[in-house]
Amino acid sequence: MSHGFKNNDFADILFNRRSIRSYDPTVKISREEMLQMLAEATKAPSSVNMQPWRFVIVESDEAKNKLKPLVRTNQLQTETSSAMILIFGDMACYEFGETIYDQALAEGKMPQEVHDHQVATIIPYYQKMSSEQMYTIVQRDSMLAAMQLLLVARGHGYDTNVIGGFENDQLAAAFDLDPTRYVPATIVSIGKAAEAGYDSVRLDPEQVTWFK
Ligand SMILES: Cc1cc2nc3c(=O)[nH]c(=O)nc-3n(C[C@H](O)[C@H](O)[C@H](O)COP(=O)(O)O)c2cc1C
């Protein structure tokens, strides 16, 4: 897959990422570039490669006005960003299972016997899973894509803020998704930074690590 990175300096992308909350409101991201960034972000791994992440790109004034009452103190990001990317986990992600494994087979990336085993065992296992277990899986996988999106965005010359402060129970329905199927993971604001952001501290790994 070709990439659209303007900045391919991994150390710069990683160490100079800051949560940015104020953006240049005149900057729009084309649909083509947004899809390219999502293609790159969704190179993230996922449990049995089920890819349960789903995205709603909130970019129009109308959609942003719908989002505003649901994002609490995160108004500035909503008003100034190029887009607010709502990331949901799909509780019925297994519906894409056969499509994914068939594609892997067709592209020579999965042997026939592995394909047949995945279709015969993994998909029914996912179908029968408890909703608590499914919720954990789709949240975990979706957040991996979200994290990757933060870095991919910087590769494209944009900045982001990952947002957890929103009305979890209202987000899906507000954007015409079935809330029993699509569970919010997070929101990522994206755009051209209009501020430098501020540097933040981290605990020393020795404070948060056990070697056994
Ligand atoms: C799951 C999650 C939820 C967050 N929610 C918000 C939020 O609602 N509003 C906000 O301004 N920042 C939010 N942040 C950003 C954090 O405040 C920020 O990542 C942290 O202070 C470290 O700063 P840095 O991202 O610049 O390294 C969130 C971050 C994470 C990981």
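Guide: Strand E2 is covered on both faces: Ala83, Ile85, Ile87 and Gly89 are buried on one side, and Met84, Leu86, Phe88 and Asp90 are buried on the other. Here, buried means under 20% relative accessible area, exposed means over 50%, and partly exposed lies in between, with a 1.4 Å probe and protein chains only. The model is predicted, so local features need pLDDT of at least 70 and side-chain atom pairs count only at pLDDT 80 or more, whereas totals for chains, interfaces and linings use all residues. Residues are numbered from 1 along each chain as its sequence is written, and side-chain values use heavy atoms, with hydrogens and water left out.

In a regular strand the side chains alternate between the two faces of the sheet. Because eight of the eight residues of E2 (residues 83-90) are buried, the strand is largely enclosed by the rest of the structure. Strands (E, at least two residues) and helices (H or I, at least four) are DSSP runs, numbered from the N terminus.

E2 also has strand partners, where pairing requires at least two DSSP bridges between two strands. Strand E1 (residues 53-58) runs antiparallel to E2 and is joined to it by six bridges; Val58 has Met84 of E2 as its bridge partner. Eight bridges pair E2 with strand E4 (residues 182-191), again in the antiparallel sense, and Ala83 has Ile190 of E4 as its bridge partner.

Contact here means heavy atoms within 4.5 Å. The residues of H2 that are buried are Glu33, Met34, Met37, Leu38, Glu40 and Ala41. Viewed down the helix axis, they fall within an arc of 160°, so they line one face of H2; the arc is taken from the directions from the helix axis to the C-beta atoms. Arg31, Glu32 and Leu35, on the other side of H2, are exposed.

Gly97, Ile100, Tyr101 and Ala104 are the buried residues of H5. They cover an arc of only 90° around the axis, which puts them on the same side of H5. These buried residues pack against helix H6 (112-128). Just after H5, Gly108 adopts a positive phi of about 70°.
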